[in-house]
Amino acid sequence: MPPIQTTKKKSKKNHNFSPGPPGVFIIPASKMSKFTYYVYIMFNKRNGTLYIGVTNDIVRRVQEHKNKIFPDSFTAKYNCDKLGYYKDWEYVNDAIEREKKLKSGSRKKKIALIESINPDWQDLSTFSEFWMQ
């Protein structure tokens, strides 16, 4: 039996995505699915190492950090297994923008942000409210 040949057809759909910087497309809000996105900060001890991330499943992601699912990751290497801060966002672009702003900000501002909602540096994932996300 001869091999089957396939050709890749170009999509004729116009997704109406706006071009951003080279290789980046801006997705209009009307095209985004309705999820909740979270920007969060993990830490290893009070005033210790900080990790900032974004996810659409905060409970799963925190468990991955705590269980060191990715053993070569930054959080596993530095034992960042406590949730110090999180905030939800409706749109992924907003969450990513906030994550980038936090990552580029000063350590002093990151600590102030954690302490604005978590002055005792407790692991927020140990509270029952967290598991109701």
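1. Glu-64 is buried, with a relative accessible area of 16%, where buried means under 20% relative accessible area, exposed over 50%, and partly exposed in between (1.4 Å probe, protein chains only). The model is a predicted one, in which local features need pLDDT of at least 70 and side-chain atom pairs count only at pLDDT 80 or more, while totals for chains, interfaces and linings use all residues. Residues are numbered from 1 along each chain as its sequence is written, and side-chain values use heavy atoms, with hydrogens and water left out.

2. Glu-64 forms a salt bridge with Arg-60, the closest N and O atoms being 2.9 Å apart; the term denotes a side-chain nitrogen of Lys or Arg within 4 Å of a carboxyl oxygen of Asp or Glu. The two residues are four apart in helix H1, and are therefore separated by about one helical turn. Helices (H or I, at least four residues) and strands (E, at least two) are DSSP runs, numbered from the N terminus.

3. Arg-60, which is partly exposed at 37%, also meets the side chain of Asp-57 in a salt bridge (3.7 Å, N to O), and Asp-57 is itself partly exposed at 31% relative accessibility. Asp-57, Arg-60, Arg-61 and Glu-64 are linked in a network of salt bridges.

4. The buried residues of H1 (residues 58-66) include Ile-58, Val-59 and Val-62. The buried residues of this helix pack against strand E3 (37-43), strand E4 (50-55), helix H2 (74-77) and strand E5 (82-89).

Technical notes
Contact = heavy atoms within 4.5 Å.
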